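The following note sets out several points for a colleague who is about to examine the model. Please read it alongside the display.

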Amino acid sequence: MGAQQSVNVGKAKVDMQFDLTHMLCEALLLPPLRSSGVALSQIVGRISLKHPSLFGKSEKMDVILDKGINDSNIVVAFRRPRPEWLSQQSFVIQHSMTPEVAVHGFPADNFTRSGSRGINLSRLSLGLELNEPATSNWTSGTSIKFEHIRPVNNQGRSIARDHDGFPLTCSGNLHDNMIILKQESGYADVNDNSFLKVNFQMEQGLPLVPKSLTFNRVKCAVSKGIKLGPTFLVTSLTGGSIVGDMAPYQAFAIGGLGSVRGYGEGAVGSGRLCLIANCEYTIPLAKHLEGSIFMDCGSDLGSARHVPGNPALRQGKPGFGVGFGYGLHFNTDLGQIRVDYAMNAFSRKTIYFGINSSGGS
């Protein structure tokens, strides 16, 4: 994230944030970026309204609005006060509108970018979240929610099929409905010389309403960091699987920042399975300056053909990709400024520029 400003309005607190995750392709080749809008597509503004006692009994309400150039997200969460040793309950309503480039976008510039085909996802969900009290190094949360997902074009009209005539939904209609039971668990062991973090997510689609999707989706991520003298080595492994009913937009997208750098979002592949490995070695260069070298790789494990309509094959995605490169990280009071230079297996280069409010590695 970038800059943040807080304002008190009565009992409510308003937070305004500016999030800059700016990607420049092909060493600042400006003409293609101006025509595609990629250079500005990941600039996000946020307004967050927090009320500490909505009805005078310490009930908390949060309203968060995120607005980017091409997407938007609004979340309304209501929390009732409960003792700390009990699970914390939240009723959440959320609506998002996002371009569906990760699965249905076409790779461009030797897979360094993902172009849009005018398909967007309108997603409305409402449900209950339960967060268990943290014990030792473990955290756990459970939620059950209803989701209504509707593909729309750039003009906001509902669409059922893509440009090749294949269904965009599992039902084949203009929308999908599902009831999802989600369990998420996390483990973190952090000290001055190393850390170990594990995150496990499982989603189960429940057949409680007519034509709702029945599926099981699992994703697990493990990361390990070790201090080697003044340097630091971080490795991570992420895997996922989905069985049962499936819409194309549920596929695991491989490629892009946070996955395999050097590729556009989802440009490596999209399948029922995924396996992604990352390795980054950080070296201090000055008081507030670090250098790093990294290597990412990812694969759909040959599962793209099992996604309805096989969008990855039709877009010419390779299904496996390797990216490597180096970066500079400058730690400031605002956050950590990162500039990463990545190259993919097709010898095409990408520069990523970002500001991370968490700072540090």
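1. The second largest pocket draws the largest share of its lining, 4 residues, from strand 6. Strand 4, strand 5 (72–79), strand 6 (88–99) and strand 9 (120–131) each contribute at least two lining residues. Strands here are DSSP runs of E with at least two residues, numbered from the N terminus.

2. This is a predicted model, in which local features need pLDDT of at least 70 and side-chain atom pairs count only at pLDDT 80 or more, while totals for chains, interfaces and linings use all residues. Residues are numbered from 1 along each chain as its sequence is written, and side-chain values use heavy atoms, with hydrogens and water left out.

3. The second largest pocket holds about 210 Å³ of space. A pocket is an open set of points on a 1 Å grid over the protein atoms alone, where a 1.4 Å probe fits, with protein on both sides within 12 Å along at least five of seven lines; lining residues have an atom within 4 Å of a point. The volume is the space filled by probe spheres set on the points, which are joined across faces, edges and corners.

4. Which residues lie nearest the centre of this pocket? They are Asp62, Ala77, Arg79, Ser90 and Asn131, out of 16 lining residues. By class, the lining comprises 5 nonpolar, 5 polar and 6 charged residues. Ala, Val, Leu, Ile, Met, Phe, Trp, Tyr, Cys and Pro count as nonpolar, Asp, Glu, Lys and Arg as charged, and the others, Gly among them, as polar.

5. Glu59 sits in the loop between strand 3 (43–51) and strand 4 (60–68). Glu59 counts as buried because its relative accessible area is 9%, the limit being under 20% with a 1.4 Å probe and protein chains only.

6. Strand 11 (residues 176–190) pairs in the antiparallel sense with strand 10 (residues 138–152) over 12 bridges, and Trp138 has Tyr187 as its bridge partner. Strand 11 also pairs with strand 12 (residues 194–206), again antiparallel and over 12 bridges; these two form a hairpin with 3 residues between them. Two strands pair if DSSP finds at least two bridges between them.

7. Strand 17 (residues 273–284) and strand 18 (residues 289–299) form a hairpin with 4 residues between them.

How values were computed. Buried means under 20% relative accessible area, exposed over 50%, partly exposed in between (1.4 Å probe, protein chains only).
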